[in-house]
Every structure is written in C-alpha cells, then in structure tokens.
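Please read this note beside the chain shown below. The points run from the whole chain down to single residues.

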Amino acid sequence: MKVLKFGGTSVGSAENIKRVKDIVLNQNDDVIVVVSALGGITDKILTAAHNAASGTGDFHTELKEIRTKHDDTLHELFNGSGSIKYIVGELLDELEQILTGITLVGELTAKTLDRIAGIGERISSHIVAQFIGAERKDSSAFIQTDSNFGKAAVNFEVTNKQIKQTFNDFKGVAVAPGFISKNSKGEFTTLGRGGSDFTAAIIAAALDVEILEIWTDVNGFMTADPRVIRKAYTIPELTYSEAMELSHFGAKVIYPPTILPVYQKGIPIQIKNTFEPENPGTKIVKGVKNGFDRPIKGISSISGITLVTIQGIGMVGVTGISMRLFSALAKVNVNVILISQASSENSISVAIDEQALDLAESAIREEFEKEIASGQVNKIEMERGVSVVAIVGENMKHTTGIAGKLFSTMGKSGVNIIAIAQGASELNISWVVKNEDLRKTLNTVHESFFLSENVEVNVFLMGIGTVGGNLLQQIEKQQERLLKEKHLRLKLTGIANSRKMLFNRDGIDILSYKDSLENAEKKSSLQGFVDEIKAMNIYNAVFVDCTASDAVATVYKEVLSSNVSIVTANKVAASSEYDNYAELKKIAKQKGVKFLFETNVGAGLPIINTLNDLVNSGDKILKIEAVLSGTLNYIFNTISADIPLSKTIQMAKEEGYSEPDPRVDLSGVDVARKILILARESGYKIEMDDIQINRFVPDELFEGTLDEFWSGVSVLDAAFEEKRKTLEAENKKWRFVATFENGKSTTQLQEVDSTHPFFDLEGSNNLVMYTTERYHEFPMLIKGYGAGASVTAAGVFADIIKVSNI
C-alpha cells in the first residue's frame, strides 16, 4: 500500500486534477490519496473570515471568487452536473452561513477559524474522489487531536487505532482531505502549517505503508535554490535528518514536522513532481549509501531575517542568561532560527524573522531591564537585512576541513560572515550574511563544494581590439574542450569598448558579442564598468584588461579590493611606482584573489611564471639578460642591404608587431618596463628612474608629430647600412638587450656574435636568460614568440584559466 499526497498546486485546476487521476490510476498498488484545497482557496477563505470579523471588508467578494473557481472546475470535470455539484454547494453554503455569523458577532475565534479553514480540503477531496472513481474517507473522522485550535496536537493512540479500523481490509483507491481533524468532542480542528503533509504521514505511519509519496510542483530537494543557482540539480537521496535541516532552512518542499511519523517507522518518502511524473525526484530514507563522495548534500537559505545580539561583560559567568533570553522570546511566540554564542558568554546572537523584531526587542528589554540599567548588559543590537545560509550533509562529520574550506572560500570571495552556528553532530553549518551577499554566497558554496559539476569563471573584458578580439576567438574555440575535459566554463559576463558596455549575469554570446555590444544601451565608462562588476557581486569574477590605457590601470586597486581577480596585458600597473605595484600585490594576497600579468613580458611565454617558481622555491636571481621587444628584434632581423632601417620600422607596424606609433617601441621605454617588472618579480625594489635607457635613434625624432618622424627616420638608413655591413662581415648581429644585475638595469643596442644565445633569435622572438644561485654556470633560457596579438591573447587566456584554480 502507498500513500500519495497532492498539494494545492497539484489540484489547483481541472487540468491538474486530470494529471492526478493519471498518476493515481497508473499505480500498481492500493493507494490512499491525501489532497489539499484547490490552489489559493484556503487563503481566500481566511481573507473572507478576517474581513467578516473586522467589518472593514466585504467577505462576499472572496466568497464569489471561491464559488466561481469551484464552478469552473466542476464544469470542466463533470460538465457542471451530478451529485458532486450538490455536495460542493452545501459546503459552500455552510461557509457562507458561518461568515455571516462572524459578521453579526464581529468576532473570529480560533475555534471558528478551524471550522472553516478546512472547508477547502473537504471540497477538493470530494471532487478528486468522484473524478477518479475512488472511495472518499473523512480524515476528521479518524484523526483525533486536543482542542488547541489552529495547531492541534494529535492523539496518536486514538488516531492510529481509528485509522487501522477505517482502512481494515481496504483495497483500491481512497481519497482523504488533508489538514483537518477533530477533537474528542467532535469539533473541527486543524493540524497547522504543512497539515496536509502531516495528514499523509500520520496515515502512512499508522498503516506501515511501503512508501509515502509527496506530489508537488518541483522535482524534489535541490542542491540550492534554482532561482538563484541555475546549475542546481535535484538531490536523488537524503536522510530524514538532512531533509529536515534543509526544510528548516528554507527548502520549502515539505514541512519538517511531517517527517516525524514516517521517520519513526522508517518509511521512505518520495518527493515527486505532478507536472513531470517521469522525473525520479528525491527519496528520503534512514540511511544513504555512498554518501562520502559529496559530504554536503545541499544549501538552503532564509531571507527576511534580523540578527539580535545581547552583549555585556556582566553576563560572563552568570547562570541562566540564555534560558531567560529564550524564555522571553518564547513567551511572545518568537521562533529562534539560529543561535550563536561566544564561549565567554559575553554575547549571544539569535536570528529571528524580521516581522517579529518589535515583539522580540520589547520582550528582551523587559526581561533584562535591571541588567541594562546597571550596565551588566551594555548593548542590545538589531541587525536587519541579513540572511541565514546553511550547508547540510550527514557525512560532513566524516570529512575533515569542511568548515575551514567553507570560511576560507567565503573570505576569498569577499563575503563577510556575521555569525556562525554549528552543532556537535556536524550535520549542519549555518552562518549569517548580508542580503546583498546572499547570491554570491550560494554560488560560491555551490561551486566550491562540487555541488556543481563545472567550475565557472565570470569574465569582465575591457578592450576588444586585436588582443581582446583574439582572446574571445580563442575562448569560443576552446569552450567545448574546456567544459568536457576540465569541467571549466568561461562565461563572458561583461564587455566594454571605448563607446559601449554590456553586462549579462547569464553570459554574453561570444559569437554575436559585436552586435550585442553595438546595440547595448549603456555608454562606456571606466568607473561605470567597475561599479557594475561590484554591483553584480558575482562569484569567481575576473577583470581582464586588454588595453594599454593608463586610466584603466588606476582602477586595479578598487577591483582587487572588491575580491575580483585581475588578468592584464597592460604593463602600466606592474611598471608604475613601486609602492603602487607592491600595494596591488598585497591587496590581491589579502583578498585571496589573483593579480596576473604574464603577458606583460614576452606575450605568451612563461617568463614571469617561471621566475615566480624560482623565487618561491628559494632560488635567488643574480642576473637577467633579455631580448624583450618582439618589434625591435623583428626590425634587426629584417634589416638588410635591400631593406633599410626606415622600411623595417614600417613593416613592423604593418605586421602588427609595433604600436601604432612605433616610437613607443623605438624609445626603449617598453623594454625598460619589462625588465623593471622582471626585476620586481625577482624581489628587488626598483623604480623606472633606476633604469638607464640608451636609445639608438636620435632624441629629436621622438619630438614632433608622427608624420615628422616618418619623414625624418629615413635619414638614418645610410649610417645603419654601413654599420650593418661591418657586422655582417664580422658575423655579428644587433640585439636590443635589457640587463639587470646588482640592483642596476640598462637597455641598449648590443652587438652579439654567433656564440651568444641571442644570435639566432628569429623574427619577433624573445629570449630571457636567468642566472641564479642554482642556474649559475648554465643560465636558464626561455625562448619563443614574444609579440603578436594571437600569442598575447593566448597568454591572457592561460592566466584566466589560472584564476579558476582547476
């Protein structure tokens, strides 16, 4: 035998009742069906009753809507005829008579409210029973309670006996109303919140049925709220305790007390979706097999919370403080959701529903009036606008480091935890955060504890020129592979060029980003871009700077301070004043985020990463020698008898190696910035002014306009050709070399012979030599393509992946 319970949504319309019929008649067992009132009917009845009692409203409006809803349902299911119409009409007439009586006396007692609150269930059970062709059983005839109207306590000894008598030798399908019951005098009572679930559980436990199925409008318990976490999925199995904890902390699938009768009998509960009956849903059982792979089963949260804190040194060591606090709250029926207490007992915090704040504050101040007056209690604080978050899983107690990982992850994401509570059973860890941090908290926990199959990185890209455009192309091409092999999803969440900016929490389609950005409403603004990132407060966010802008580098401090990682191809920040560079590194470390700029030197070559590994492993950098300008190396590899210096510069610009104004490269400043960055990453405090830049082009060519430069640079061709011939005869080549040693750095044009590692550098290749305490006799060499949009974008791409920590 099975017990199936269908909620108000499941029987909310004639169409849904037809679904219920299909589900019930497809069962291969004897079935007892428990139904709630038609969707929304109970609320309308209660509204009508309060209007009748207060005299401020007309209950006839609600009554008319109630009649109309039932008439429509009867018409569609029974063509509006038959005995069911008479039965429903009588019950609605009863409701009207009672409402009229309430109006006359101007009073609504709890007893009267219980009498009418269950009329919706009584009606729906008649409708469903007749439509299915089942026998109707009256729950109020076999569930007996005390006379605590509104939330009556069940007399299980009498109730279980009456249920067994009612269903003795029962076969087939029966339908019973949920929620309603009677006391020993035969007066109607109700079972309170979640009463229909409770009715089903009471029947299931009394008859020792095979299973209790709760049919609702969701597929079961989810790993998180799917309205917030779109990657949330249905949890296949939970223990009773896990289900109760998740329900208590906001997972409104079932009401916790309903679990108790079947829990005591070890009867499994299956949560099913009336609208997706083929979905397996969630099964709640005594013990779950193979639960150690994911010790955390799910995340729940409750918003609309106020955190009440009572604090005072005079509380320390005083017995009974906690008891008095909870007693005071209990007297005014304030439910405590979470408790957090300092071990020294100088403060106690409790989380309550914000709607109960005034009652709670008055009760606490009254209870501790003397202590407040004497200064023993010096603060009673009410912190509004907070939410309670809980992670639940019985196997957390078998897994070390859960709490440590949780709070470390929260800190790195910039989420401030206001209060914490954890029981000794380790079934649940709960904490309080501000409402604005709730979404980020849920996303962070869901991904950090592998409740999500894939890690997601939210990319905010500024600059979609050659490097930025190439980066997006590479991400689009690699998305499928990364998702399949690395379980990594790179999501373009924000993008900006010089005119427009666009944001989408669900992701911007990379294939159509140009059109989307062109049609975006928001005008581009650097501060606006940063403000939007902060406002979205999204987990695993990375700000990607593919510009060369000084202005963009000025917001790095604000971005990092907002717990957002930075990946940049822009050399400005890392080569700025040392104090600024050091502060950016410090903030990133403090916030637990990444500040990565591998492409600042050598484009996609692992120059900085290798250097970091050497230093972090205890090696000391003694000397750096490097050819760091792909543009200049291209020029000196291309210059020949047929191609003069001026022509090679023009070719470097056309090939995309140089900046639009090639004087940026020819000045040696770019190379100086790169050696400066390498020296700093080696652990040396050095400023740009400490680098001696020796130009090979006269200073006057760097003055004036770009057109004047192009007309003047050809004057150098003859002299360079003479020098080139001499070098060629001596089997030597030019290389623009940056050197750092003994705290001093220079950049200059050097002549190298065929024995030198720099001699065979082709095209725009870069080469770096690290002489260290370990690599002393034979320096470490890193060589490869050091310029070009494609390789630079690849380096940025690699840094973004590092942010994901996969």
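**Notes on the predicted model**

1. T631 is buried, with a relative accessible area of 4%. Buried here means under 20% relative accessible area, exposed means over 50%, and partly exposed is in between (1.4 Å probe, protein chains only). The residue sits in helix α24, residues 630-638. Helices (H or I, at least four residues) and strands (E, at least two) are DSSP runs, numbered from the N terminus. Setting aside neighbours within four places in sequence, T631 contacts A652, Y657, S658 and D665. Contact means heavy atoms within 4.5 Å. A421 is 210 residues from T631 in sequence, and the two C-alpha atoms are 59 Å apart.

2. On the basis of the work: this is a predicted model, in which local features need pLDDT of at least 70 and side-chain atom pairs count only at pLDDT 80 or more, while totals for chains, interfaces and linings use all residues. Residues are numbered from 1 along each chain as its sequence is written, and side-chain values use heavy atoms, with hydrogens and water left out.

3. Overall form. The protein chain holds 30 helices and 30 strands. Its radius of gyration is 37 Å, well over the 28 Å that the globule rule gives for 806 residues, so the chain is more spread out than a compact globule. That radius is taken over C-alpha atoms, and the rule is 2.2 Å times the number of residues to the power 0.38. The C-alpha trace spans about 120 × 70 × 55 Å along its principal axes.

4. Of the 806 residues in the protein chain, 51% are buried. Among contacts with a separation of 6 or more, 72% join residues 24 or more positions apart.

5. Main core. The largest nonpolar core has 77 residues. Such a core is a set of buried Ala, Val, Leu, Ile, Met, Phe, Trp, Tyr and Cys residues joined through side-chain atoms within 4.5 Å. The residues with the most contacts inside it are F529, F543, Y556, F595, L628, L678 and Y770. Helix α27 (residues 669-681) gives the most to this core, with seven residues. Leaving out residues up to four places away in sequence, L628 touches V601, V671, K674, I675, L678, F736, A738, N766 and V768.

6. Second core. A separate core of 44 residues includes A37, F59, L77 and L91. In soluble globular proteins, nonpolar side chains tend to be buried together.

7. Is H70 buried or exposed? H70 is buried, at 0% relative accessibility. It is found in helix α3, residues 59-78. Beyond its neighbours within four places in sequence, H70 contacts L38, I41, V88, L92, I123 and I127. T166 lies 96 residues from H70 in sequence and 29 Å from it, C-alpha to C-alpha.

8. Backbone points to check. Most residues other than glycine have a negative phi, and most peptide bonds are trans. H487 is not a glycine, yet has a positive phi of about 55 degrees. It lies in the loop between α17 (466-486) and β19 (488-496). H487 is partly exposed, with a relative accessible area of 33%. N731, also not a glycine, has a positive phi of about 55 degrees. Its loop runs between α29 (717-729) and β27 (732-741). N731 is partly exposed at 43% relative accessibility.

9. Two further loop residues. H756 is in the loop between β28 (744-753) and β29 (765-772). At 24% relative accessibility, H756 counts as partly exposed. N519 is in the loop between α18 (513-518) and β21 (522-523). N519 is exposed, with a relative accessible area of 63%.
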